[in-house]
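The points run from the whole chain to a single residue.

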Amino acid sequence: MTGDPASAGWLPSDAGPFSQEFGPVWQRTAPDGLSYGLLIEARHGNHMAVAYGGVVMALAEHAMAALAMQALGCRALRALQFDLQFLSPGAQGEMLIASGAVLRRSATLAFLRGEVRVGDRLVAAASGIWKTVRADTVQTETGP
């Protein structure tokens with residue numbers, strides 16, 4: 001997808017301060033679940049006009065963390081592990097779309113897999129583990 005995400009049914013996401021810096025991040029709920037999107041601009045790319053890996057990673061982590069919060073019913077969590085494999089580039093003007101699924105969860109942990117696509121093309125595959133934390137300890141906690 002290229003052009004205006006709003007015209008394709010995407011809504012601006014309240015993505016938090018970091019995501020707002022590299023965004024805007026968009027969100028959409030579809031029958032297969034919640035997805036987050038980022039239209040690749042010149043500022044997201046390298047000298048070959050493809051998205052930096054860190055941009056792809058940030059979008060994937062954002063989407064998967066949102067799903068983990070939903071699954072765990074919490075507002076504060078942190079990633080314990082995050083793995084991402086780059087499979088193809090995302091070019092300037094294309095829309096990166098990140099989605100995921102909860103594979104397993106406990107009272108305090110969520111295990112997820114995710115992916116970032118441009119249309120039917122798989123850009124990256126990801127997996128990770130997120131853990132709930134008390135909101136009042138987010139700033140001070142140092143260990144797992």
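What share of the contacts in the chain with a separation of 6 or more is accounted for by residues 24 or more positions apart?

1. The model under review is predicted. In answer to the question above, residues 24 or more positions apart account for 59% of the contacts in the chain with a separation of 6 or more.

2. As to secondary structure, the chain holds 2 helices and 7 strands. Read from the N terminus on, its elements follow the order β-α-β-β-α-β-β-β-β.

3. As to overall dimensions, the C-alpha trace spans about 40 × 35 × 25 Å along its principal axes. The radius of gyration of the chain is 15 Å, which agrees with the value near 15 Å for a compact globule because the chain has 144 residues.

4. As to burial and surface, 40% of the 144 residues count as buried. The accessible surface of the chain comes to about 7900 Å², and carbon and sulfur atoms contribute 55% of that area.

5. One residue may be examined individually. Gly53 belongs to helix 2, which covers residues 53-72. Is Gly53 buried, partly exposed or exposed? Its relative accessible area is 26%, so Gly53 is partly exposed, given that buried means under 20% and exposed over 50%. Gly53 and Gln85 are 32 residues apart along the chain, and their C-alpha atoms are separated by 9.8 Å.

Technical notes:
Residues numbered from 1 in each chain as written. Predicted model: local features only at pLDDT ≥ 70, side-chain atom pairs only at ≥ 80, totals over all residues. Heavy atoms only, no water. Helix = DSSP H or I, 4+ residues; strand = E, 2+ residues; numbered from the N terminus. Buried < 20%, exposed > 50% of the residue type's maximum accessible area, 1.4 Å probe, protein only. Rg over C-alpha atoms; globule rule 2.2 N^0.38 Å. Contact = heavy atoms within 4.5 Å. Areas by Shrake-Rupley, 256 points an atom, 1.4 Å probe, with all protein chains shown as cover.
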